[in-house]
Amino acid sequence: MTVNQTLHIRTMPEPAAMLRLIKPITWFPPMWAYLCGVVSSGVSPSGQWGLVLLGVILAGPIVCGMSQAANDWCDRHVDAINEPDRPIPSGRIPGRWGLWIALAMTALSLLVGWQLGPWGFGATVVGVLAAWAYSAEPVRLKRSGWWGPGLVGLSYESLPWFTGAAVLSAGSPSLAVVVIALLYGIGAHGIMTLNDFKALEGDRQMGVNSLPVTMGPERAARLACWVMALPQAMVIALLFMWDRPLHALAIVAVLALQLWAMRVLLTDPKGRAPWYNGTGVMLYVGGMMIAAFAIRTLEVLP
């Protein structure tokens, strides 16, 4: 039996497993945020579509994909408890292939980021460092239910938004762009907290102090809802102040639908978290694009 098992040990990763490792479903938020940055810059993309496309690919498949590979490698022991069918614990990506893929994609991220000029490259460096700081020892900010989701929220929403605006503007974005991007990144902390519900048992056993572990599902879900809602309320207030009432009212409608979804979520936080991540989150990112269009011609702030 031992000889037979040895003969069937995989030495090369499965192609399908490599695709699953970099989780295409997670690419959408940073790609969307980059496009929000492009729109909010107020600069016409005409003649710069190559930069737009390259930035979207960098934000999603490359940098976000790299962060997922790094996270799965660093989380392989937790995943063996939570989701043993994942590519690394299941053996479909054997040995140190998970680490090598993450390192190769780190190098690719920096190479592609260099093509976006100094602002794009600088943002790429920040994104790469954030990805490894979140997952890898000795920093491993994922251990904290406060720092970990905060870093991911800013990396998924604020950083690519800032990057898209900076690349199109070929310079520092306006203060309005920075403020709105930052608010949506802060709100994404709540989204990341809800995402931690799926790893509740493994996190508890492996000492990962996510908010669902330290606060319990009910309290963590309530906090996540507040964290998601308050920054959007601030965006609405700012848009009214900046004389963008129609855009502000559109985000009011989007937020109202989220509040309904939050009420459903709170009836069963652990069971409803995946549903909310597919419903409320789409409304959240829809509001992002509305805000991007609102501030693209804003001249109130420098």
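Me: Why does Thr124 count as buried?
Reply: Buried means under 20% relative accessible area, exposed over 50%, and partly exposed in between, with a 1.4 Å probe and protein chains only. Thr124 has 5% relative accessibility, so Thr124 counts as buried. This is a predicted model, in which local features need pLDDT of at least 70, side-chain atom pairs count only at pLDDT 80 or more, and totals for chains, interfaces and linings use all residues. Residues are numbered from 1 along each chain as its sequence is written, and side-chain values use heavy atoms, with hydrogens and water left out.

Me: Where does Thr124 lie, and what is Thr124 in contact with, leaving aside its neighbours within four places in sequence?
Reply: Thr124 lies in helix H7, residues 117–135; helices are DSSP runs of H or I with at least four residues, numbered from the N terminus. With those neighbours left aside, Thr124 is in contact (heavy atoms within 4.5 Å) with Leu58, Val63, Ser109, Leu110 and Gly113.

Me: What makes Trp161 and Tyr184 a stacked pair?
Reply: Rings of Phe, Tyr and Trp (its six-membered ring) pair if their centres lie within 6.5 Å; planes under 30 degrees apart count as stacked, over 60 as edge-to-face and the rest as tilted. The count by this rule is 7 aromatic pairs. For Trp161 and Tyr184 the values are 6.0 Å centre to centre and 15° between the planes, and the pair is stacked.

Me: Why is the pair of Trp161 and Tyr184 said to tie together parts of the chain?
Reply: Trp161 is in helix H8 (residues 147–169) and Tyr184 in helix H9 (residues 175–195), so the pair ties together parts that are 23 residues apart in sequence. Both Trp161 and Tyr184 are buried.

Me: What kind of aromatic pair do Trp260 and Trp275 form?
Reply: Their planes stand at 75° and their centres 5.9 Å apart, and the pair is edge-to-face. The pair links distant parts of the chain, with Trp260 in helix H13 and Trp275 in helix H14 (residues 269–295), 15 residues apart.

Me: Why does Trp275 count as partly exposed?
Reply: Trp275 has 29% relative accessibility, so Trp275 counts as partly exposed. Trp260 is also partly exposed, because its relative accessible area is 49%.

Me: How do you know that the charged end of Arg76 sits over the ring of Trp73?
Reply: A charge sits over a ring if NZ of Lys or CZ of Arg is within 6 Å of the ring centre and within 35 degrees of the ring normal. The charged end of Arg76 sits over the Trp73 ring, 3.9 Å from its centre.

Technical notes:
Helices (H or I, at least four residues) and strands (E, at least two) are DSSP runs, numbered from the N terminus.
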